[in-house]
Structure formats: structure tokens, C-alpha cells
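Q: Hi! Could you walk me through a few features of this model?

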Amino acid sequence: MNIISKTLSAMALAGLTSAVALAQDATVVVNADQGNTVISRHIYGHFSEHLGHCIYGGLWVGPESSIPNVNGVRKDVIDALKKIQIPNLRWPGGCFADEYHWMNGIGPKENRAKMVNTHWGGVVEDNSFGTNEFLNMCEEIGTEPYISGNVGSGSVQEMSEWVEYMTFDGESPMANLRKKNGREKPWKVNFFGVGNESWGCGGNMTPDYYAQLYRRYQTFARNYGDNQLKKIVSGANVNDYNWTETQMRDIPLSQMWGLSLHYYVHPGGWENKGSATKFSDEQYVQTMERAYYMDELITRHDAIMTKYDPEKKVALCVDEWGTWYDVEPGTNPGFLFQQNTMRDALVAAVTLNIFHKHADRVRMANIAQIINVLQAIIFTDGDKMLLTPTYHIFDMYKVHQDATLCPSTTTCKKIENGAFKADQVSASASKDKDGVLHVSLANLDLTKKAVVKVDIRGMKAKSVSEATIVNASNIADHNTFETPDKIELNGFDGAKVGKDGIVTVTMPAMSVVTFAVK
């Protein structure tokens, strides 16, 4: 080869190398042999409040309904929830929990007292869906109930007797009342919240006052038999770090299993939340920046908790999270119904990846809410039902439930618009009990594909399988009852293993991918 040919070959090789480098938008290093933290399945929990059409018309249609149901609960909903293996379901609220008196929701339906839902729309509810209906539904779905107790307007006795009614297997006034209402054996109820948002709708309490009240209320929420309550403290609103400090300082660790945290993504702030479907590119990036803020919140709350609990015995329970936009035009403002687009699917993926990262402290989370409210995974309308883009993320990510976190680092570009920016690629990885590694990636760029190099350390990648994708042609795309499958979970063939064992993943714009590596 002469000098000119060598020079041209070198230039061509340099150009090829440069092109490959430019094409590689992100590198994810996964340490497949270093994980020792289990990603609790309970971070995949959900939330059902007496709000809008979440319960009535959503979960509950009544046993006499022409809509196929199991003891009054929609069968299509039960089947959908079973498919994604929801681990727990929170009920009856939310703000509603601290005005809910459980005795009004038991016994013969015709004898149950009606109540005004003062928090959500001022509607009158007939209490046809109560304790028995909820707990029986949880058994049918195969999920664990998470009960929110009434501290705001309820008494210690009321809470104590509710726990006895649900969980005591013996002879007592409340156990006998349960048997009279058709349930001989008690239910299994482990997760129990002592109040909700006690800093706000749950009583407008100071952190000091609530801490003392919690100590009193939880004392009388007893453990019966082998039913051991995992008691959860009503925790902070977003970045109220003083609230967390006070609860951790003033409540003995032995008296709590978890401490809650609530954070919603409002693109334009609480006063200007914006539309669920009509938003600018700048508002989109702002949304994603606020989704990533969850990482800072958990880090800072965890640091305070660790000061009092260095062994991380107390779980951080993000039991309300998700997007919160303006309600859809023409709907009841108190029902909080909003559409669910590809943007919401990306928020869900980013958030779940963050929860994985903090799995040593975050051991429960509940997206708000399960049906027809806020970032819902299911919509219903009469006898029709559809699955939202967010549902498909939960379906895709269920492989991470109770798997071992594999620590990873991501190097990527930023997406930017106006004053807002966010990492283009979000990632997490875990190894299941059979030793199969699962990697999840989200490409947040609205227009550009992402070529992601996944460098797996500690195992030799031989093949990629079970690859799935959720994506859309437009960030505002969503499912409707006319087009229920516009966004769905599909197979994906853009992940390839090279001879060096590195997995190269070519992701479309605004997409979420999960795949298995063996």
C-alpha cells in the first residue's frame, strides 16, 4: 500500500470512528455483580381514593350491574390489575381518609348512611363500597391492602376498632360484627397509615403536634395474632425537610415502619398546572426536569432519616406521586380527570428508575391514582375500559419487582428548552431470582433517536431477549375509547449484543425500552 492509500485509509477509519462516536448518545455502565439491595415490589403500588370516578364507576359498579363484575368490582379492571401484578393498593384516601368513618360503610347496603364528599366535588356517596368490599377486592386481585386511618376527624377508639374489625381472629365486639357482616375469618392487613397529609387537608397540624398525636394513635392500632401492622407516619409535602426532621426526632423508630412523602409534577406550578394534552416543547422539558427532581427530594429526605436511622430500618414511602394537570375541559373540577399521554409514560419511567436507585430507603410508592383520576393507568366509561400509556410502563417494568438492583451510571446529553433541561437518557437495571438481568431505558428527546451503549460489567452478555418498547409519534399522543391502542406495549428489535459483550440499543425518540440479558 503506498503512502497516499495509507493516508486515505487512515482518514476513512478516523471518519468512521468519529461517526460512531457521534452516533453514541449515551453510555450506561451496569455492574451486574455488585447488587445487594432488593427493589421492593411495593414501590409499584397504586392508590384508590373516593375521588371522581375512581371508586364509583371505576372499580365499583355493584353486583347487580350488567357490566361483568366479581362481587361488584369490574372484571376487566381486575384482570388488568392482575396482569401487571400490583403489589398493594391504598384506600380510602388521600384527603378523603380523614373524613371517612368506616362504620358507615359496613353492613347491609340499604342501612348505610350517605355522606357528602366535601373534598372532592361535594357529591353524595351511598357508602356501598366500604371495608368488606375493598378488602375482598384486594384478595380477588391478589394485592395487599394499604389502609389510611382517620386521624383528622376520627377518634383513637374508631381507629383501634377498625383494626380489630379487620384483623382480629377471636371473640370480640368488632370481630363478631365482622362475622355478622358475612366475613368469618379476618383479612390480612399489614400496611396501615396513621393519618394522611396531616400538615394540610388531614388537619393543618404542626409537625410537633402531629408527632405526638401519631404516638398516641398508633399505640391503640394493635397487632392481632400473626397480623403485624406496618405503621406509616404521615410525612412531608415535597421539600418540607423540617417535617421529616421532626417526625424522625420525636417518634421512636420502633413505632413506625415507614414515613411517607408526597410529590406531584406540576409543569407550571400549583397555580398554572397546564393542559395534559396541549403543551409546548418548553413545557415538556419543564415537566421532565420536575420529574427528575424526585431524585433530589429522596436524597435529602433520606439524609435526614439516616441521621436518626443509619441502618435504614424505616422505609420512605412515596405514597402519592405522579403528574397533576388542569382537568379536562367540561369535566367536574373536583373529579381531577386528566388525559394520559406519552409524556406521562416517560415521567413514570424516570420516576420508577429513581425509586430503583434509592431502593435501600424507598420501599413503597403509590402512583396517584389507579382509575380515572390524575395519572391513571386505566380509564372507564360505562362498559368500556382502556389502558393508558402509563399502564404499559408498569406492565413493562414489573420484571424489576423484588429483583436485586444492579448499580449503574449513565453518561448522556441534556435535552434543553428555555430555562429548563433534563438528562436525555434515564436508566436502571436489576437481576431477578433466576439470574436474568433486565435493563430499562428511557429516551426523553422529542425528535432524536438515542444510541445507547450498555456496558455490562461482571457478566458476559451473550444474548438479548424479551425486548419491549412503549413509544409514540407525537409526545401528546394518547389512547381514547375510539383509538384505545394508539400507544401500547410492543416488541422491540433495536438491542444488539456485540462481540465485545456490549449491548447497543438504538431507541426512537420519546421511547421507553426494557430487555433481558443472558
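A: Happy to; below we chat about cysteines, a helix pair and one more helix.

A: This is a predicted model, where local features need pLDDT of at least 70, side-chain atom pairs count only at pLDDT 80 or more, and totals for chains, interfaces and linings use all residues. Residues are numbered from 1 along each chain as its sequence is written, and side-chain values use heavy atoms, with hydrogens and water left out.

Q: Great. How many disulfides does the count come to?

A: The count comes to one disulfide, taking a disulfide as a pair of cysteine sulfur atoms within 2.5 Å. Cys95 and Cys201 form it, with their sulfur atoms 2.2 Å apart.

Q: Which hand does the disulfide of Cys95 and Cys201 have?

A: The torsion about the S-S bond is about -90°, so this disulfide is left-handed.

Q: And where do Cys95 and Cys201 lie?

A: Cys95 lies in the loop between strand E5 (88-91) and strand E6 (115-116), while Cys201 lies in the loop between strand E9 (191-194) and helix H6 (207-219), so the pair ties together parts that are 106 residues apart in sequence. Helices (H or I, at least four residues) and strands (E, at least two) are DSSP runs, numbered from the N terminus.

Q: Is Cys95 buried or exposed?

A: Cys95 is buried, at a relative accessible area of 11%, whereas Cys201 counts as partly exposed at 26%. Buried means under 20% relative accessible area, exposed over 50%, and partly exposed in between, using a 1.4 Å probe and protein chains only.

Q: New topic: at what angle do H7 and H8 pack?

A: Helix H7 (residues 241-250) and helix H8 (residues 281-308) pack at about 30°, their axes 9 Å apart. The axes are lines fitted to C-alpha atoms, for helices over the stretch in contact, with angles from 0 to 180 degrees between N-to-C directions. H7 and H8 are therefore roughly parallel, as angles under 35 degrees count as roughly parallel, over 145 as roughly antiparallel, 65 to 115 as roughly perpendicular and the rest as oblique.

Q: Last one: is H10 mostly covered or uncovered?

A: Helix H10 (residues 389-397) is mostly covered, with nine of its nine residues buried. Among them are Tyr391, Phe394 and Asp395.
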